Amino acid sequence: MNARRPQPRRLAFAALLAVLAAPALAAGPAAPKAALTVEQARGQYLVNTSGCIDCHTPFKLGPRGPEPDMSRHLSGHPEGMQMPPPPALPEGPWLVISSATNTAFAGPWGVSFTANLTPDPETGLGLWSARDFRQTIRTGRHLGRGRELLPPMPVPVYNHFTDADLDAVFAYLQTLPPVKNKVPEPRPPVRASAAAPK
Ligand code: HEC
């Protein structure tokens with residue numbers, strides 16, 4: 001019997017992938033999708049289908065209405081967008097107000113601003129480990145030990161992700177072009193008596 005030789009074509013393809021992967025990490029959105037590893041690609045699929053973009057990529061007005069600003073992809077509430085105090089809502093069933101970017105939310109918890117999920121080391125998740133990310137989602141606390149995450153971050157929903165899913169999401173987030181964007185701290189709720197003196 002003839003033992004089959006290693007398939008040169010397959011080897012060449014693997015080498016090509018390895019070459020493509022390195023610049024893709026640095027090159028950003030224009031990089032070919034094939035350059036993602038299987039895990040990163042799964043993370044991309046989960047991010048694209050789990051609503052992360054709705055809240056963590058600021059919306060801008062496009063020709064056909066609001067659309068995610070991909071130049072700030074997943075970088076959270078834009079630091080340059082100073083939000084005045086939210087308007088007081090009248091008595092009744094309206095509960096939450098959101099900014100035009102869909103990155104700032106005012107409700108009974110105060111005002112929350114979506115986090116920068118890009119790998120910028122100072123303002124994003126650049127210094128996080130996969131474990132930091134997993135613990136944050138598992139506990140609903142910053143890095144698994146800091147303050148509790150505020151609404152509308154859907155922690156109870158994402159708790160259904162498996163550890164492998166969370167690792168894949170984190171692996172993909174780390175391939176994003178880093179955006180330097182320092183998201184403001186959340187603001188505490190305005191006391192009802194202060195908002196509407198009787
Ligand atoms: C409905 C809006 C919404 C969606 C959808 C959403 N987030 Fe968030 N997220 C937020 C808000 C608001 C905060 C900030 C909460 C705070 O400051 O307490 C946040 C915070 C976070 C944090 C915490 C960062 C830190 O420094 O502690 C992580 C991590 C995160 N989101 C990841 C994700 C991922 C991954 C997805 C998709 C799978 C996602 N979010 C979807 C609104 C959202």
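Is Ala-106 buried or exposed, and how many C-beta neighbours does Ala-106 have inside 10 Å? The structure is a predicted model, in which local features need pLDDT of at least 70, side-chain atom pairs count only at pLDDT 80 or more, and totals for chains, interfaces and linings use all residues. Residue numbers start from 1 along each chain, following the sequence as written.

Ala-106 counts as buried because 22 C-beta neighbours lie inside 10 Å; the label applies if 20 or more other C-beta atoms lie within 10 Å of a residue's own, with 12 or fewer for exposed, partly exposed in between, and C-beta atoms placed from the backbone. Ala-106 is found in strand E4, where strands (E, at least two residues) are DSSP runs numbered from the N terminus.

Strand E4 (residues 104-107) runs antiparallel to strand E3 (residues 97-98), to which two bridges join E4; two strands pair if DSSP finds at least two bridges between them. Within this pair, Ser-98 stands opposite Phe-105. Five residues separate E3 and E4 in a hairpin, and Asn-102 in the turn has a positive phi of about 60°.

On to the next strand: E4 and E5 (residues 110-113) are also antiparallel, joined by four bridges, and form a hairpin with two residues between them. Here Val-111 in E5 is the bridge partner of Ala-106.

Leaving aside neighbours within four places in sequence, Ala-106 is in contact (C-beta atoms, placed from the backbone, within 7 Å) with Pro-86, Val-96, Ile-97 and Val-111. The C-alpha atoms of Ala-106 and Pro-151 are separated by 9.3 Å, with the two residues 45 apart along the chain.

Technical notes. Contact = placed C-beta atoms within 7 Å.
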